[in-house]
Each structure stands twice: as structure tokens, then as C-alpha cells.
Amino acid sequence: MAKRLQSTKELLSLQEKIGASRDPEQKVVSVCAGTGCCAYGAKKLAEAFASSIEGHGLEGEVALRLTGCHGFCERGPLVVIHPEGTFYQRVQLDDVDEIIEKSVQAGEVIERLLYADAGGKTYEHEKDVPFYKNQQRILLANNGLIDPTRIEDYLAIGGYRALAKVLDEMEPEEVCAAVKASGLRGRGGGGFPAGVKWESCRAAHSPDGVRYVICNADEGDPGAFMDRSLMEGNPHLVIEGMIIGAYAIGMPGKPKGYVYIRNEYPLAVERLGIALEQAREMGLLGEKILGSELDFDIRINKGGGAFVCGESTALMASIEGEVGEPRAKHIHTVESGLHDLPTNLNNVETWANVPLIIDRGVDWFTSIGTGDVSDNPWGGSKGTKIFALVGKVNNTGLVEVPMGATLRHIIYEIGGGIIGGKKFKAVQTGGPSGGCIPEEKLDLEVDFDRLTEVGSMMGSGGMIVMDESTCMVDIAGYFLHFLADESCGKCVTCREGLKQLCIIIDRIREGKGREGDLTLLQDLGETIAEASLCALGQTAPNPLRSTLKYFREEYEEHIRNKKCRAGVCKALIRYSIDAEKCTGCLICARKCPQECISGEKKKPHVIDQDKCIKCGVCMDVCKYDAVCVE
Amino acid sequence: MDDAKLNVILDRHDRDPSALLAILMDIQKEENYLPREDLGRVSERIGVPMSRIYSLATFFSAFSLKPRGKHICTVCMGTACHVRGAPKLVEQIGRDFDVKAGETTADMKLTLETVNCVGACALGPLVILDGEYHGNITPTKLERVMKNLKKEQG
Ligand SMILES: Cc1cc2nc3c(=O)[nH]c(=O)nc-3n(C[C@H](O)[C@H](O)[C@H](O)COP(=O)(O)O)c2cc1C
Ligand code: SF4
Ligand code: SF4
Ligand code: SF4
């Protein structure tokens with residue numbers, strides 16, 4: 001690896017050198033190695049490519065690159081052939097030699113491996129596939145192009161240029177002002193203007209000049225994985241953002257950095273660790289960064305799997321080695337945070353935006369998004385947002401769109417609509433403290449303030465699509481149980497109140513709901529919101545509020561008619577076999593754990609309802625759609 | 001854990017009480033759980049009371065105070081996996097192996113755990129068996145994934 005860079009000039013000339021040494025016509029097989037594709041066997045696939053390249057005597061000619069997540073996880077493992085940019089999806093081990101021979105050597109396109117839309121139309125290039133075409137990727141733009149374990153790849157695309165600019169041309173105050181003027185709002189949930197936070201932290205008194213700069217990579221919202229993907233796919237972007245932040249917030253002084261990251265993300269921890277090590281070796285971290293006065297390093301701190309540790313004060317307690325319990329925030333963490341010193345905490349995606357804002361300018365950033373932030377940082381939502389589009393949608397994956405894109409655009413244009421042509425019911429945003437948004441709001445322009453207006457919130461950007469087979473009472477129950485489990489237990493209202501909410505909603509799910517339960521849920525929910533210390537308790541009734549508001553009739557059906565229209569709540573459903581469709585193939589009878597399906601070969605089967613435990617196995621194994629639920 | 005090994009872990013973290021979480025993680029990585037006796041030695045050597053160690057060990061879901069099974073099966077319970085049927089999978093494994101979520105079979109062969117979300121929602125519902133991800137799981141596929149284990153158990 002190269003020696004420590006002594007100045008910004010050395011950095012820029014190294015960048016030029018790397019750029020010039022890269023042949024744009026170089027043949028590259030690029031394999032996605034994000035968590036999704038790895039789960040589909042991308043590692044083995046990459047090994048197969050390596051040995052196939054060798055086997056065909058192409059070592060010097062064809063490069064193999066392992067990249068971070070491309071975002072289209074649904075179609076993994078993904079492979080892109082450069083320089084043509086041919087995009088192959090669901091690539092299997094058997095396809096490897098064919099790709100090398102036909103695609104790489106002969107320049108042909110293998111039709112079978114291309115993405116085909118529902119109408120059968122195929123697409124050769126990644127950028128034309130509707131899933132990508134309808135996005136505006138600025139943060140994720142390079143995930144598919146660089147090998148996250150090689151700092152040269154990041155430098156080759158202009159990485160750390162923003163840092164050089166800051167050190168050469170800008171005073172720390174100017175950097176804070178630029179971030180404020182850009183209207184960048186925190187991507188971790190609350191949407192607090194980052195520049196405002198930076199300025200307060202900068203202004204706070206620190207006895208010996210120490211200020212902490214922390215990256216929140218706890219990503220606890222279930223159904224969200226954009227932070228993980230950024231750290232796995234482009235870790236230097238986040239690191240560069242933090243170094244710029246350290247300069248802006250902590251200079252002159254002694255800024256210190258931490259990344260607090262979930263234990264459940266081993267790959268992200270590994271990639272981030274490698275990236276930090278490389279940045280240190282090159283003099284981008286450590287003492288006198290690029291020959292400037294800035295001394296700054298970043299330590300990784302692993303969380304232990306507690307949702308509440310994503311909350312700012314709990315996170316800081318956890319870094320100090322204490323139990324991750326939130327504390328009252330009448331003294332702000334920007335003044336007294338980690339070790340009672342001024343601390344600036346931002347989310348991964350927030351940090352990742354910083355180098356782009358500095359590099360391309362405030363005007364460029366404010367041209368994307370909604371509202372007007374020229375004299376009020378709360379005046380709109382600027383830039384893009386990455387959403388994790390998951391659930392009952394055709395194209396699951398990470399989606400980056402400008403703030404203000406409509407739900408319909410995201411779910412239908414990019415997401416390709418609902419799986420199996422079923423009917424859309426709701427989309428849940430904002431994680432456990434968010435809400436469910438119904439069909440009539442599909443044209444909502446998604447930004448921080450619009451989402452709050454309809455009773456949901458941005459959260460970290462999870463977007464879980466639900467169809468007619470999702471029960472809204474069950475979903476509300478799911479989130480209540482989640483929050484009850486994750487409550488740290490400090491406040492009685494949150495600890496005991498959530499438990500009571502769970503009991504009530506469970507009895508509704510079990511068909512034992514009583515008249516008055518809905519009012520009880522609502523009242524108790526409001527009390528918890530009012531009397532709890534941290535945002536976990538304060539927002540806990542949100543999933544209840546929104547489902548009660550938009551899907552009240554489903555609750556009422558559960559209570560009065562003992563009916564679950566989605567066919568989810570076990571106590572209210574029964575499985576039966578449609579005699580018309582049943583071919584008497586015997587499979588379900590063989591697989592039923594209760595042995596409660598009977599019938600002769602080639603004759604319609606029947607279920608003994610008294611013994612059936614409603615496990616759904618019969619429905620899964622029947623090839624003829626003969627098992628139905630009512 | 002033998003003494004030398006434990007000391008290596010403690011030294012790796014400079015015997016710093018504020019690194020307790022990381023120390024516990026390293027112990028669990030070696031031993032698969034947090035043996036009481038090891039915690040006692042940690043307490044003595046870095047000068048942290050047992051009560052604090054226990055409060056950390058019980059607060060974070062990553063820790064187990066009981067020995068875990070030879071195999072560990074984790075079912076993702078994220079929202080995306082939930083709407084695609086994850087709860088049924090937990091029930092199925094529970095039934096087939098006679099074990100509850102968070103517990104270990106009597107023969108110590110299998111621990112069944114759940115996790116809030118591993119961020120691989122495109123593959124949901126998702127089961128992780130001994131670190132290996134199995135995506136888009138149906139009851140039939142699950143049976144296949146667990147087949148060898150079932151055989152091992154006899
Ligand atoms: C219960 C709870 C969990 C949270 N989890 C996260 C998280 O996983 N990641 C995150 O970035 N912010 C999380 N937050 C928000 C943080 O407290 C904090 O507002 C955020 O990290 C600030 O960064 P930002 O301004 O860049 O968004 C959570 C908040 C609460 C109350
Ligand atoms: S509201 Fe809940 S999670 Fe937050 S501090 Fe109180 S008990 Fe803990
Ligand atoms: S739901 Fe389960 S128990 Fe009931 S009949 Fe089907 S397979 Fe048997
Ligand atoms: S699996 Fe389906 S078709 Fe076969 S016996 Fe059962 S219900 Fe009938």
C-alpha cells in the first residue's frame with residue numbers, strides 16, 4: 001500500500017495517477033457481494049469466476065471485482081460485465097463458464113440471464129431496468145462500481161476530494177454553514193437539520209477541546225438495511241463524511257470519532273474495519289491528516305442487539321460500557337454527551353451525504369428535493385433518501401429517490417407492484433414508531449413533513465408493503481410486541497403500559513376482544529406517549545394510531561364478527577380443502593404434522609377441524625391450490 | 001475458559017472497564033455463552049462488580065447465560081419476514097424439535113433463536129442455520145434445511 005500522504009496535493013496527484021492508469025476498456029466481471037447476494041451464494045460464484053478466468057487463460061486480461069450491494073437484492077446473485085455494462089441476474093454456478101466464453105470473450109449477450117419484466121421484455125443494461133431507471137442514485141451510485149476493500153477504487157472515482165477541498169479552502173465555520181444551507185436533515189429518524197446540530201456542538205464549551213463525532217450505525221428498525229449497504233458497499237464515503245464533520249465541528253481542538261454498529265452486521269463491521277485501516281495507512285486518519293492540523297481517528301464500537309441503543313443517549317451510555325438506557329435530554333448531547341463532553345451524533349446516511357454536498361456544492365443539493373430551505377433549515381427536505389422497499393412487492397431492494405417522490409412511483413414504477421397481482425393494502429414506514437399508510441394516500445409526496453402529516457414518519461427509511469393477505473391488527477400487534485420487548489424498562493408507562501397494550505391486542509387477535517377495547521387501546525396509548533422519557537415510548541402508540549385511523553373496520557370485524565379477513569389470526573380462521581380442485585394426490589395428508597387430513601388416493605381430501613393446529617403446511621405443499629383459508 | 005485465554009481477551013481490551021461489552025462479546029464468541037465462572041474472574045480482574053456484568057449480560061439480546069446447543073438456528077423476525085410468514089417457521093421448528101424460541105433442546109443439539117432483523121429482507125422469510133443464510137423459506141424448504149439436523153438427532 002502507498003505511503004502516508006503528506007498533503008492534499010499529494011492526494012490529488014495520486015488520484016490523477018490512479019485515474020490515468022485505469023483503462024476504460026478493461027474487461028471486468030463484477031459480482032455483487034452484499035449480504036443479500038452472499039446469502040444467495042455470491043461468494044461461491046466469485047470463486048467459480050476466478051477459476052474460470054484462470055482456466056481460460058485470461059488472468060491478465062479480465063479482472064474480477066467484488067462489489068457492495070447493487071440494491072436489487074430480489075434478483076441476486078447479480079453480475080455485471082464491463083465495459084459493456086451487461087447486467088445478469090440470478091446467476092448460478094452453471095452459468096459461469098458460459099458468461100466467460102460468450103459474454104466476456106465473444107461479446108455476446110446471454111438473453112436468458114437478463115432481467116425480464118412482467119411483460120417479458122428484457123433489458124441489457126442495469127441503468128435501463130425499470131427498477132434502476134426510475135431512481136436517482138447519488139449515494140448508492142458507486143456501490144456497484146467499486147471494490148469496498150480497496151481504497152484505490154474510491155480514490156479513482158474522486159473519493160476524499162471533498163476532504164481536500166475542506167482542508168484547503170474552507171474554515172470549519174464555513175463547512176458548518178454549507179451543511180446548514182444545504183438543508184440536509186438527519187436520516188436516522190427525526191429529520192433534525194444536520195448543520196444546526198453541528199453548529200451547536202461546535203459552539204458548546206469543552207474544557208480540553210475534546211468533541212466527539214459519532215456515526216449511528218445501529219440500524220435497529222426492522223425492514224431497513226440502507227445503512228448496512230452503504231457501509232458494506234462504500235465505507236469510505238461514510239468515513240470521509242465523518243472526517244469532514246470532525247474538522248467542521250472539532251477544529252481547532254481534539255475531535256474523536258466512533259462508529260456504533262450492530263453486532264448483527266458482521267460483513268459491515270469487517271468492511272468498515274478494513275476501510276479504516278487503509279485510511280490510517282494513507283494518512284487520511286490519525287495525526288496531521290494530509291499534513292493539516294487535524295488529528296482524528298475513528299473507533300468501532302459494536303452494539304449488543306438492543307433496539308433502544310439506537311437512541312442517542314442510550315447509544316452513548318453503551319459506548320461508555322453502561323447498560324443502554326436513555327436519559328432525560330434537558331441537557332442536549334451536543335453540549336454534554338459521551339463522557340459528558342460535547343457530542344455530535346449523525347446517522348450513516350447523513351454522514352454519507354456530506355462529501356457529496358461539499359464536492360458538488362450546496363446549490364446542486366438544494367436543487368433536489370422539496371420545499372425551500374434558503375432561510376429555514378426546516379423549510380423542506382433536500383437531497384435523496386434511500387428506502388428499503390420490502391414485503392409484498394415484486395422488486396424488493398434498496399431504492400434511492402429524490403425527496404418528494406410519490407409512494408405510487410416507488411411502489412409501482414420502481415417496485416413493480418404487488419406480488420402475485422394481489423391488492424395493495426398499506427405501506428408501513430418509519431419502523432416500529434411509524435405508521436401504516438392506506439391506498440388513498442398513494443400519491444403522497446414522500447418527505448419528512450408529509451409522512452408526519454399522515455401519522456407516520458420517515459424513520460430510517462424502511463418501507464414495508466402489505467397486501468390483502470396482511471392483517472392490520474396482527475401488524476399493530478407485531479410492533480407493540482416488538483416495542484414491549486425492546487423497552488429498556490426505565491419508565492413505568494412504557495414498561496407496563498406496552499405490556500397491557502399487548503395483552504389487549506392479543507385478545508383481539510384471539511377472537512376474545514371486547515366492546516370498548518379500541519377506546520382502551522387508544523387511551524392507554526396516549527398515556528404512554530405522554531409520560532415516557534425517550535422517543536421509543538413517546539412514539540410507541542403510532543402503529544396503533546394509524547391502523548385504528550385507517551383500518552378501524554378490521555379491528556371491529558375481529559371483535560364483533562370474529563373474523564380476520566386477511567386469513568392471518570389463527571383463532572379466527574380455518575383451513576379447508578376445495579373438493580373441486582383437490583386431485584387426491586395424498587401429499588398434504590403425508591405432510592400434516594397432526595395427521596388430520598384424510599382421503600383416498602385420487603379422491604378429494606378433508607381436514608379434521610378438531611385436530612388441525614392451523615400450521616398452514618397443507619396449503620404450502622398443495623400444488624393444486626386446493627387448500628383455502630377462510 | 002482457561003486462564004491464559006481469558007487474560008488474552010482482557011489484555012486485548014486493556015482491562016478497561018468501559019470495554020466490558022466488547023469483552024463479553026469475545027468470551028461469548030469463544031464459549032458460545034457466558035459461563036458464570038468466567039464472569040467471576042472478569043469481575044475480579046477489571047474491577048467491575050458482578051451486578052454490573054449481569055445487568056449488561058441480560059440487557060443485550062446478543063448474550064446468553066446458558067450454554068447453547070451445538071447448532072444454532074436463528075429465524076429472522078423483521079417486519080418483512082413477519083408479513084411473509086416467519087412466525088409459522090418458528091412454530092414449525094419448535095414442533096419438530098420440541099424446543100421453544102430462546103431455548104435449547106434437551107440433548108443440547110439445537111438452540112432456536114429469533115432476531116429482530118438481519119437486513120436481508122429480499123430473502124424473507126429467512127432462517128440462519130449455523131451462520132448460513134437460507135432465504136425464501138417455505139415449510140417444505142425448511143424441512144429440507146433442517147433434515148441433516150433431524151437425522152443427527154435421531
Ligand atoms: C428507540 C430509538 C431507536 C433509534 N434507532 C436509531 C438507529 O438505529 N439508527 C439511527 O441512525 N438513529 C436511530 N434513532 C435516532 C437517534 O436517536 C438519533 O436521532 C439519530 O441517530 C441522529 O442522527 P441524524 O440526525 O443524522 O438522523 C433512534 C431513536 C430512538 C428513540
Ligand atoms: S420510554 Fe421506554 S425505552 Fe425509553 S427510557 Fe422509558 S422505558 Fe426506556
Ligand atoms: S393446517 Fe396444518 S394441522 Fe391443519 S390440516 Fe393443514 S397441515 Fe394439518
Ligand atoms: S395436496 Fe392438495 S391436491 Fe393433494 S390431496 Fe392435498 S389438497 Fe388435495
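**Loops and interface of chains A and B**

Me: Where in chain B does Arg15(B) lie?
Reply: This is a predicted model, in which local features need pLDDT of at least 70, side-chain atom pairs count only at pLDDT 80 or more, and totals for chains, interfaces and linings use all residues; side-chain values use heavy atoms, without hydrogens and water. Residues are numbered from 1 along each chain as its sequence is written, while chains are lettered from A and ligands numbered from 1 in the order in which they are written. Helices (H or I, at least four residues) and strands (E, at least two) are DSSP runs numbered from the N terminus. Arg15(B) lies in the loop between α1 and α2 of chain B.

Me: Is Arg15(B), which has a positive phi, buried or exposed, or in between?
Reply: Arg15(B) has a positive phi of about 50° although it is not a glycine. Buried means under 20% relative accessible area and exposed over 50%, with partly exposed in between (1.4 Å probe, protein chains only). At a relative accessible area of 29%, Arg15(B) is partly exposed.

Me: What is the relative accessible area of Asp14(B)?
Reply: Asp14(B) is in the loop between α1 (3-12) and α2 (20-31) of chain B. Its phi is positive, about 55°, although Asp14(B) is not a glycine. Asp14(B) is exposed, and its relative accessible area is 66%.

Me: Which residue does a cis peptide bond join to Gly76(A)?
Reply: The residue is in the loop between β2 (62-67) and β3 (79-82) of chain A. The omega of the bond is about -10°, and the partner of Gly76(A) is Pro77(A).

Me: How much area is buried between chain A and chain B?
Reply: Contact (heavy atoms within 4.5 Å) takes 56 residues from chain A and 35 residues from chain B. Buried area is the accessible area (1.4 Å probe) that two parts lose on being put together, summed over both. Carbon and sulfur atoms give 58% of this area, which is about 3600 Å².

Me: Which residue of chain B forms a salt bridge with Lys570(A)?
Reply: A salt bridge is a side-chain nitrogen of Lys or Arg within 4 Å of a carboxyl oxygen of Asp or Glu. Across the interface of chain A and chain B, the rule finds two salt bridges. In the one from Lys570(A), the closest N and O atoms are 2.6 Å apart, and the partner is Glu91(B).

Me: Which element gives the most to the side of chain A that touches chain B?
Reply: The elements that give two or more residues to this side include α13 (312-319), β13 (384-391) and α18 (472-486) of chain A. With six residues, the element that gives the most is α18(A).
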